[in-house]
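My entries follow in the order in which I made them.

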Amino acid sequence: MSEPTERRYTKEHEWIDVVGDIATVGITSYAADKLGDVVFVDLPTVGSTVAEGRVVGEIESTKSVGELFAPVNGTVTEINDAVVATPELVNSDPFGAGWLIRVTFTELPELLSYAEYSALVGE
Amino acid sequence: MPTIHSTDRFQDRHIGTDSVAQLEMLSAVGYDSVDDLVLAAVPKSIHVNPLENSSIPEAATEREALAELRLFANKNTVRRSMIGLGYYDTITPAVIKRNVLENPSWYTAYTPYQPEISQGRLEALINFQTMVEDLTGLDIANASMLDEGTAVVEAMLLARRASKSVSKVFLVDADAFPQTKALLANRAAAVGIELRELSRVEASETSLPDAFGVMVQYPGASGRVWDPSAVLAAVKEQGGIAVVAADLLALTLLKSPGEFGADVAVGITQRFGVPMGFGGPHAGYMAVRNGLERQLPGRLVGVSQDAAGHPAYRLSLQVREQHIRREKATSNICTAQVLLSVMASMYAVYHGPGGLKRIAQSVRAKAIRFASTIDALGFELASEDFFDTVTVKAKGMAADIVAAALQRNYNLHLVDADTISISFDETTTEAEVLDVATVFGWKEKTLAEPLRGPGFLARTTDYLTHPVFNTHHSETGMMRYLKYLADKDYALDRGMIPLGSCTMKLNAATEMEAVTWPEFGGIHPFAPEADVVGYLDLIEQLQGWLAEVTGYDEVSLQPNAGSQGELAGLLAIRGYHHSRGDLHRTACLIPASAHGTNAASAVLAGMKVVVVATNELGNVDLDDLRAKIAEHADELAALMITYPSTHGVYEHEVRDITDAVHAAGGQVYVDGANLNALLGYARFGDFGGDVSHLNLHKTFCIPHGGGGPGVGPVAAKAHLAPFLPGHPLAQRDTINRGGATLPEHFNIVSAAPYGSPSILPISWAYVRMMGAEGLKAATGAAVLAANYVAAKLRDHYPVLYSGDNGLVAHECILDLRPLTAATGVTVDDVAKRLIDYGFHAPTMSFPVAGTFMVEPTESEDLVEIDRFIAAMVAIKAEADALAAGRWSVDDNPLVNAPHTAQAVIVGEWDHPYSREEAVYPVRALIRGKYWPPVRRIDQAYGDRNLVCACPPIEAFVD
């Protein structure tokens, strides 16, 4: 996957890494820190269609339940089984091994750049 | 001439600070009298004038109050109840009654939010969960539900969110309990679920209407035992969820729901040694198959490990609670019925699997002998097989037979003009079975010989095989097991529990006295009105007193918890708007600082949540409120506010707030959680409230029971009275509805007509013994104590919010965030270190993350309050020492807290502070220390590795 600086971001604290027509989606280190110890992730089933902005999963920590929003319209091609089995990957490696889902898409909506997202969270 | 006067005033026993102590506290706060202080704190615009014709009599002494309660009791008639419908007479083992129900170590504890000091009741609760899991044949059970009817409602809501079906239909067994059907109807209507009754014929077919779920009663209300597996399979085939409401005692003999395909099992554990109590409190239950555990409402106890790697219990999946999910919550259930689930679980521990089975066999034998006798008389029976309930067809004679039975002191259930059902239980004797048969015309001296063998659904699987259910069968063993568990826990019998918003005040022994009287315990919720006159009189009197002190017109005691009172209040508002044709009024304004149940209840009442901002003082932002009202003017249904606020402050502008909502056609719901800061000084109804719930378990002294029972009455102005909860089986409508008929679906929110009546004598006694003056004095003492703590700790921890004249209400928020920023010491560290100092921590991170909310209550004396202040000051000094470099950040008395005895004794001591500093930070602890049984518990580990049943004994071997 590309460097975090190369990726796109949403205001919901998700990152999107695009390769061809496939978007890999995860949550940012900022979001992972805010959530605290992640204990459970609930991801959509492979093959399900998702709509931009709709809730497709949940990320639960000892403090809170965060929602996973689909950043694009498309179809889920893969989910990260490793993160389902070991949810703490979201904390230890949010931009890498803690990725959540892969989605095929036809059109990319307007997303934030790394600089824009950094400005949003004030880091 | 010498005057004869009362020598003892209860008020002086209930309020911990005497006039000398109060003077000392007042000087620290800067006021001359308690009255001056409270009148300065409470905004002038809402001060109440004393009532001229109060319905609350002059305070009675403890002895006088008990004598009056005795008069109420004498007006109840305890008959042999054979009504059934989910409530059965039972024998409470005396060892459980004395050592649990009558033992403050169990009933004065709080919800186990601090797991390190709650291991005893957490173990009892995991026993409960294991018992339910075993008997239902399902994987994970929660720590109890409020009652069976609401548990079925929660199962329906769970089915809707977990089901893959898009149908809006939920199928309901025609043979379900009538109160369950009524509850389902009311709750389904509010959230757009369509109910369809599943007739007995349909239930035997394989093609069913499209539905997201189905509920079957097992055995049925009629007593029928049948095999529902085909129905369950048909619904699951469509992607629906299968719910079975099952009798746990029957399940010791019958094939379990898990074995015939249920996804969810619900029910009640009352007949496991908990008195009927005219309807409650009892522990309901819910169990689910694997895969649905994160959908479970309520509380769930799980196993984790402590800092030393030892197994330790704690509440699991806490984030699933509505205080985090708020308007996204799909349940508003906060609390459990801990005291009652402890009793029920101990009944199973005491009897063991063999004992329970013998009880069930005996119950079934009585039913079979009776049925055989009735059969011999030529009566038609409604079903082939049954467990404990026999339904008899007696064309045109049913009422006469029920009347004849009443003459002999039996209450049978009149189903309709042609049908009677008779339920047998643990307490029924053979002579009584014969006696009832006589009413039907049996003339022999013995019952007919049984015609039936065991049921065709006989259970073949084991249950309750864990050692805990096979060890404590002698009374000595049971007594010691209960003591062993109680000793692990910190309850009010050890010291102060300064939990803000929880009101951990005295639950006086006299108040508790009547709870276990048979005239209150031995009454079935659907007994005839003539049998329950004492109860109804007490209920009506208490309703009147509660209405008076809150400034409302009518009160319903039906809601079984604060959350249920909220729901009832919002449903009343919904009913009111609907009655005026305002169907579009669905927007509910809720301040950001509100307790999470507010939002969850609003959603379940079919409303849409609109969040109102709070300002930097923690109050409702009036500008934002006006903007939100303008934005939602046409659809405004209600505003929910808490007064004093969840921040422990008397908001100055409360009248402006309620006026603005009324001007826009909305109703004002005042959350009465903090009523104890207002009694005698202001009334919700006078400053704009239309409806409120009260927490009798906070303000009116019902003990917290370690996490339930609660009682959450709903109080309303006359215009909402027609929409307050009713009940299809109520003996009497105790609410003056101004001539209106009962609301649609009765607005029923609990399975029993008056909720949990057996604990109402507690609140009745409190008001009776305090009198109006005493209630006011308690408010003053509580407000003084909170302001004293704030004044004494302000220099060490900033007090986050205050109101008029810099004063707080009955609680104060201590801001620990500056400490955390300066020293790295967290709220958790301070909370756990307080255990080493012999305290239960205040409320952590509610309503503001990184803070403590402290509520001393009026019942603590100055010595205990000062001991707490000293502990907080000392811990602050420890944090400062840490910051100054005295210890390393990962090895110091704070981060290692709490310290167990084992932690300071075993092995080499290699920490940079002494053993004495670890466990005796204050010398006074040497003679009387509470020792936590486990070290700090790893929360994340337990949520990642969910185990919610008793661990094997080997897990505890070091």
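**Helix pairs**

I began with a helix pair in chain B and noted that α8(B) passes α9(B) in a right-handed crossing. For handedness I used this rule: a crossing is left-handed if the near helix is turned anticlockwise from the far one by less than a right angle, and right-handed if clockwise. The model is predicted, so I kept to its terms: local features need pLDDT of at least 70, side-chain atom pairs count only at pLDDT 80 or more, and totals for chains, interfaces and linings use all residues. Residues are numbered from 1 along each chain as its sequence is written, chains are lettered from A and ligands numbered from 1 in the order in which they are written.

Helices (H or I, at least four residues) and strands (E, at least two) are DSSP runs, numbered from the N terminus. On that basis α8 covers residues 148–162 of chain B and α9 covers residues 178–191 of chain B. I found their axes 9 Å apart, at an angle of about 45°. Axes here are lines fitted to C-alpha atoms, for helices over the stretch in contact, and angles run from 0 to 180 degrees between N-to-C directions. α8(B) and α9(B) are therefore oblique to each other; angles under 35 degrees count as roughly parallel, over 145 as roughly antiparallel, 65 to 115 as roughly perpendicular and the rest as oblique.

I then listed who meets whom, with contact taken as C-beta atoms, placed from the backbone, within 7 Å. From α8(B) the residues include B:V152, B:V153 and B:M156, and from α9(B) they include B:L183, B:L184 and B:R187.

**Seven-stranded sheet**

Next I traced an open sheet of chain B with seven strands in the order β2-β8-β7-β6-β5-β3-β4 and mixed pairing. Its edge strands are β2 (140–141) and β4 (194–198) of chain B, each pairing on one side only. Two strands pair if DSSP finds at least two bridges between them. Inside the sheet I followed β5 (residues 213–218) and β6 (residues 241–246) of chain B, which run parallel and are joined by six bridges. B:V214 has B:A242 as its bridge partner in β6(B). Helix α10 (residues 229–237) of chain B packs on this sheet and touches β3 (169–173), β5 and β6 of chain B. The direction of α10 makes about 165° with that of β5(B).

**Strand β17(B)**

How many residues of strand β17(B) are buried? I counted five of the five in this strand (residues 587–591), so it is largely enclosed by the rest of the structure. A residue is buried if 20 or more other C-beta atoms lie within 10 Å of its own, exposed if 12 or fewer, and partly exposed in between, with C-beta atoms placed from the backbone. B:A587, B:L589 and B:P591 point one way, while B:C588 and B:I590 point the other way.

B:L589 is bridged to B:L639 in β19(B), and B:P591 to B:V612 in β18(B). I also noted that β17(B), helix α20 (residues 596–604) of chain B and β18(B) make a right-handed β-α-β unit; that is, with the strands pointing away from the viewer, the path from the first strand over the helix to the second runs clockwise.

I looked for cis peptide bonds and recorded the one from B:F846 to B:P847, with omega near 0°. B:P847 lies in the loop between β24 and β25 of chain B. Another cis bond joins B:A897 and B:P898, with omega about -5°.

Finally I checked positive phi values. A:H13, not a glycine, has a phi of about 65° and sits in the loop between β1 (8–9) and β2 (14–19) of chain A. B:F278, also not a glycine, has a positive phi of about 65° and lies between β7 (264–268) and β8 (284–288) of chain B. With 30 C-beta neighbours inside 10 Å, B:F278 counts as buried.

How values were computed: Two residues are in contact if their C-beta atoms, placed from the backbone, lie within 7 Å.
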